[in-house]
Amino acid sequence: VQLQASGGGLVQPGGSLRLSCAASKSILSINRMGWYRQAPGKQRELVTTITNSGVTNYADSVKGRFTVSRDNAKNTMYLQMNSLKPEDTALYYCHALINLWSYWGQGTQVTVSS
């Protein structure tokens, strides 16, 4: 499966962005999808995951601010990011897990700065 991430950009602190991750095949067959991020000089970290049954998981740092969702009809996963902070600045990657195989999309840059 190929994943295409989009929606990144420059936003002021407190602002919002919505990222999209479009898959090249039906996401009903994808066991789990998620978003990861990597800031300069830091390791890639988990942001959130969502299973094909809709169970979600969030990093403590984004709980209450970020919401992951998926639209099976559009084969797309979304990440709604609200109340953004400068420490959310990173390259955001979408990920898919299919029967223990991992697939990554290209990153989309999110920069939170005044």
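1. Basis of the model. The structure is a predicted model, in which local features need pLDDT of at least 70 and side-chain atom pairs count only at pLDDT 80 or more, while totals for chains, interfaces and linings use all residues. Residues are numbered from 1 along each chain as its sequence is written, and side-chain values use heavy atoms, with hydrogens and water left out.

2. Overall fold. The protein chain has zero helices and eleven strands. Helices (H or I, at least four residues) and strands (E, at least two) are DSSP runs, numbered from the N terminus. Read along the sequence, the pattern is β-β-β-β-β-β-β-β-β-β-β. The radius of gyration of the protein chain is 13 Å, close to the 13 Å that the globule rule gives for 114 residues, so the chain is as compact as a globular protein of that length. This radius is taken over C-alpha atoms, and the globule rule is 2.2 Å times the number of residues to the power 0.38. Along the principal axes, the C-alpha atoms fill a box of roughly 40 × 25 × 25 Å.

3. Of the 114 residues in the protein chain, 42% are buried. Buried means under 20% relative accessible area, exposed means over 50%, and partly exposed lies in between (1.4 Å probe, protein chains only). Among contacts (heavy atoms within 4.5 Å) between residues at least 6 apart in sequence, 52% join residues at least 24 apart.

4. The four-stranded sheet. An open sheet of four strands has the order S1-S3-S8-S7, with antiparallel pairing. Its edge strands are S1 (3–6) and S7 (66–71), each of which pairs on one side only. The twist averages 15° from one strand to the next; axes are lines fitted to C-alpha atoms, for helices over the stretch in contact, and angles run from 0 to 180 degrees between N-to-C directions. Two strands pair if DSSP finds at least two bridges between them. S7 and S8 (residues 76–81) pair in the antiparallel sense over six bridges, and Thr67 stands opposite Gln80 in S8.

5. Arg18 within this sheet. Arg18 is placed in strand S3 and counts as partly exposed, at 46% relative accessibility. Leaving aside neighbours within four places in sequence, Arg18 is in contact with Ser6, Gly7, Tyr78, Leu79 and Gln80. The C-alpha atoms of Arg18 and Ser69 are separated by 11 Å, although the two residues are 51 residues apart along the chain.

6. The S9–S10 hairpin. S9 and strand S10 (residues 101–104) run antiparallel and are joined by four bridges. The two strands form a hairpin with two residues between them, and Asn99 in the turn has a positive phi of about 50°. Ile98 stands opposite Trp101 in S10.

7. The disulfide. The structure holds one disulfide, defined as a pair of cysteine sulfur atoms within 2.5 Å. It joins Cys21 to Cys94, with an S to S distance of 2.4 Å. The torsion about the S-S bond is about 70°, so the disulfide is right-handed. Cys21 lies in strand S3 (residues 17–23) and Cys94 in strand S9, so the pair ties together parts that are 73 residues apart in sequence. Both cysteines are buried.

8. Salt bridges. There are four salt bridges in the structure, each being a side-chain nitrogen of Lys or Arg within 4 Å of a carboxyl oxygen of Asp or Glu. Arg65 forms one with Asp88, the closest N and O atoms being 2.7 Å apart. This pair links distant parts of the chain: Arg65 is in the loop between strand S6 (56–58) and S7, and Asp88 is in the loop between S8 and strand S9 (90–98), 23 residues apart. Arg65 is buried at 11% relative accessibility, and Asp88 is buried at 0%.

9. Further salt bridges. Glu45 forms a salt bridge with Arg37, with the closest N and O atoms 2.7 Å apart. Here Arg37 is buried at 6% relative accessibility, whereas Glu45 is partly exposed, at 36%. Arg37, Glu45, Arg65 and Asp88 are linked in a network of salt bridges. The side chains of Asp60 and Lys63 also meet in a salt bridge (3.1 Å, N to O); Asp60 is exposed at 65% relative accessibility, and Lys63 is partly exposed at 49%.
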